[in-house]
Amino acid sequence: MSGVTPGRRAGWIGYAVLALFAAGSLFPLVWTAIAASRNTTRLAQTPPPFWFGGNLLRNLRIAWTDANMGTALFNTVLVAGTVAAGTVLFSTLAGFAFAKLRFRLKNLLLLLVIGTMMVPPQLGVVPLYMLIAELSWTDRLQSVVLPTLVSAFGVFFMRQYLLQALPTELVEAARVDGASSWRVVWHVVFPAARPAMAVLGMLTFVLAWNDFFWPIIALTQNGNPTVQVALTGLGRGYIPDQSVIMAGALLGTLPLLLAFVIFGKHIVGGIMTGAVKG
């Protein structure tokens with residue numbers, strides 16, 4: 001009996017800690033919804049409101065119209081999905097090459113790829129914008145998609161995963177059976193890399209969804225905005241309406257949360273599968 005009680009007590013403590021962290025994580029979202037349901041005058045008062053008001057639908061309607069949110073959400077889903085798919089595909093191919101293939105200057109090229117992670121992205125903004133302007137891609141979605149279609153982090157991440165998860169003997173056996181390079185990638189590499197691809201896709205999708213620095217330079221709020229670019233239009237004016245800004249932020253966050261609710265179980269399952277294989 002003495003051995004059961006400490007274990008039960010530790011379980012309750014663990015659940016209490018998890019509940020505390022869950023409440024802390026949900027508080028910013030709940031506060032955003034509360035602020036979106038109030039007005040600017042009430043938000044400026046002390047103490048601030050801690051419960052919902054009656055202006056939520058009104059503020060959501062204003063944010064949807066003023067920020068061109070329908071176009072922005074469609075563009076963001078398209079951009080984030082394309083960037084995530086391209087990064088996962090190209091990073092897996094490059095990671096497999098660095099992990100299992102033999103070619104000249106492989107280590108030097110890998111060091112160059114890793115070295116690009118140490119260069120601040122702000123340094124390349126001017127030449128990148130000059131290139132985009134030369135191609136007449138300003139205010140077009142390809143100007144945001146193509147520069148981020150593959151990442152050095154993704155290549156390094158997939159390379160490190162495939163070193164452990166993909167046995168070299170399995171690749172050699174496929175080649176002995178007469179499989180071409182593309183068949184090896186499709187039937188051997190992709191199934192082995194699926195857990196890491198799911199994690200990389202999730203991380204890339206979130207980063208692309210929240211990206212603000214380059215889209216605000218390449219896109220305009222009235223042309224082809226993403227969500228982050230569209231939200232900048234809500235903060236303009238002599239006295240910005242904070243409740244409408246919060247409503248726009250809520251509109252931009254809900255699709256991301258919905259994606260986590262739908263695909264979260266598959267992503268966590270992929271992570272656990274990769275951990276067991278490792």
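Okay, let's start with helix 8, residues 152-165. It has 14 residues and spans 20 Å from its first C-alpha to its last, close to the 20 Å expected at 1.5 Å a residue. Keep in mind that this is a predicted model.

So which residues of helix 8 are buried? They're A152, G154, V155, M158, R159, Y161 and L162. Here's a bit of background for that list: an α-helix has 3.6 residues a turn, so residues three or four places apart point the same way.

Now, the inside. In soluble globular proteins, nonpolar side chains tend to be buried together. The largest nonpolar core here has 30 residues, and the members touching the most others are M69 and V227. Helix 4, residues 69-100, gives this core its largest share, with six residues.

What does V227 touch, if we skip residues up to four places away in sequence? The answer is M69, A72, L73, T76, W209 and G252.

Last stop, the aromatics. The count is five aromatic pairs. One to look at is W51 with F52: their rings sit 5.3 Å apart, centre to centre, with 75° between the planes. That pair is edge-to-face, because the angle is over 60 degrees.

And are these two buried or exposed? W51 is exposed, at a relative accessible area of 62%. F52 is partly exposed, and its relative accessible area is 35%.

Key: Residues are numbered from 1 along each chain as its sequence is written. This is a predicted model: local features need pLDDT of at least 70, side-chain atom pairs count only at pLDDT 80 or more; totals for chains, interfaces and linings use all residues. Side-chain values use heavy atoms; hydrogens and water are left out. Helices (H or I, at least four residues) and strands (E, at least two) are DSSP runs, numbered from the N terminus. The expected span of a helix is 1.5 Å times one less than its number of residues. Buried means under 20% relative accessible area, exposed over 50%, partly exposed in between (1.4 Å probe, protein chains only). Rings of Phe, Tyr and Trp (its six-membered ring) pair if their centres lie within 6.5 Å; planes under 30 degrees apart count as stacked, over 60 as edge-to-face and the rest as tilted. A nonpolar core is a set of buried Ala, Val, Leu, Ile, Met, Phe, Trp, Tyr and Cys residues joined through side-chain atoms within 4.5 Å. Contact means heavy atoms within 4.5 Å.
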